[in-house]
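Work through the exercises below with the sequence and the 3D view at hand. Try each task before reading its solution.

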Amino acid sequence: MMIDTHCHLYTDAFDSDRSDTVARAVQAGVNAIILPGIDKANHAALMHTASVFPNYCLPAIGLHPTSVSSDYELELDFVEQQLKETTFVAVGEVGIDGYWSKEFMKEQHDAFVRQLEWAALYRLPVIVHSRNAFDELYEILYSRRSLQLRGVFHAFSGSYEQFKQLQKCGDYKIGIGGVVTYKNAGLAETVSKIDPSFLLLETDAPWLSPVPHRGHRNESAYLIPVAQKVSELLKLSFEEVATVTTQNACDLFKLSYLCT
């Protein structure tokens, strides 16, 4: 049993075969898929997907940093209203992205902080996006460690030293996906040093397909090669990796019905 803790199954990349994709995930041993939010424009599709696959596709809500622009206040109003009206498993995908554009970095900072405060208010974990922004994120999280936040650093690509820094900020897991299978990514060495109690499995589908599926659309069934690589790095069996990462996900996202 595995849980894909980060998959954008609701995007148009899956419009032609979404049900078949879920069937393949079930066949592969994936017992749940968490759907992180992006922005208001994508929210209806996310919630529809969650309604079509109840208790399997689990919705989160958040304003993605690359969706932060001049209208971000309206976007945040939408997130806040949804948190008041609907049950979600997490606040996310939120964070800071300094890769695609630095035009709205101040606004990204503000959006991230406010969503962290909502996560604390609603006692929800955060799904954190970080790209070319680790130092800024660490400063924000460390300065707000009194919020006693918990969450996951999605698609973690940092060093072991950065992983240790994060543990000073709160209870943060590390999301491991297809990048761990890439020969020159450097992530494998980091993962080999991390206790499995800190690890979650994810795909970030439709992106970041693992070897041997690189060049093709990613999907939740491809958690298998990710778990196989992690088991190799940690010198554990595939079953042990699946068990511990599933328990980690159940604990973080409060999915007790999956881990009885």
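**Exercise 1.** Is Ala 119 buried or exposed?

Solution. Start with the cut-offs: a residue is buried under 20% relative accessible area, exposed over 50%, and partly exposed in between (1.4 Å probe, protein chains only). The relative accessible area of Ala 119 is 1%, so Ala 119 is buried. Next, locate the residue: Ala 119 belongs to helix 4, residues 105-122. Helices (H or I, at least four residues) and strands (E, at least two) are DSSP runs numbered from the N terminus.

The model is predicted: local features need pLDDT of at least 70, side-chain atom pairs count only at pLDDT 80 or more, and totals for chains, interfaces and linings use all residues. Residues are numbered from 1 along each chain as its sequence is written, and side-chain values use heavy atoms, leaving out hydrogens and water.

**Exercise 2.** Which residues does Ala 119 touch, not counting residues up to four places away in sequence?

Solution. A contact means heavy atoms within 4.5 Å. Leaving out residues up to four places away in sequence, Ala 119 touches Val 91, Leu 124, Val 126 and Leu 149. Now take Leu 149: it is 30 residues from Ala 119 along the chain, yet their C-alpha atoms are separated by 7.5 Å.

**Exercise 3.** Which residues touch the most other members of the largest nonpolar core?

Solution. A nonpolar core is a set of buried Ala, Val, Leu, Ile, Met, Phe, Trp, Tyr and Cys residues joined through side-chain atoms within 4.5 Å. The largest one has 68 residues, and Ile 33, Phe 112, Phe 153 and Ile 176 touch the most other members. Another core, of 16 residues, lies apart from it and includes Ala 32, Val 89, Ile 127 and Leu 258.

**Exercise 4.** Compare the radius of gyration of the chain with that of a compact globule.

Solution. The radius is taken over C-alpha atoms, and the globule rule is 2.2 Å times the number of residues to the power 0.38. For 260 residues a compact globule would have a radius near 18 Å; the chain has 17 Å, which agrees. Then consider the whole chain: it has nine helices and eight strands, and buried residues make up 54% of its 260 residues.
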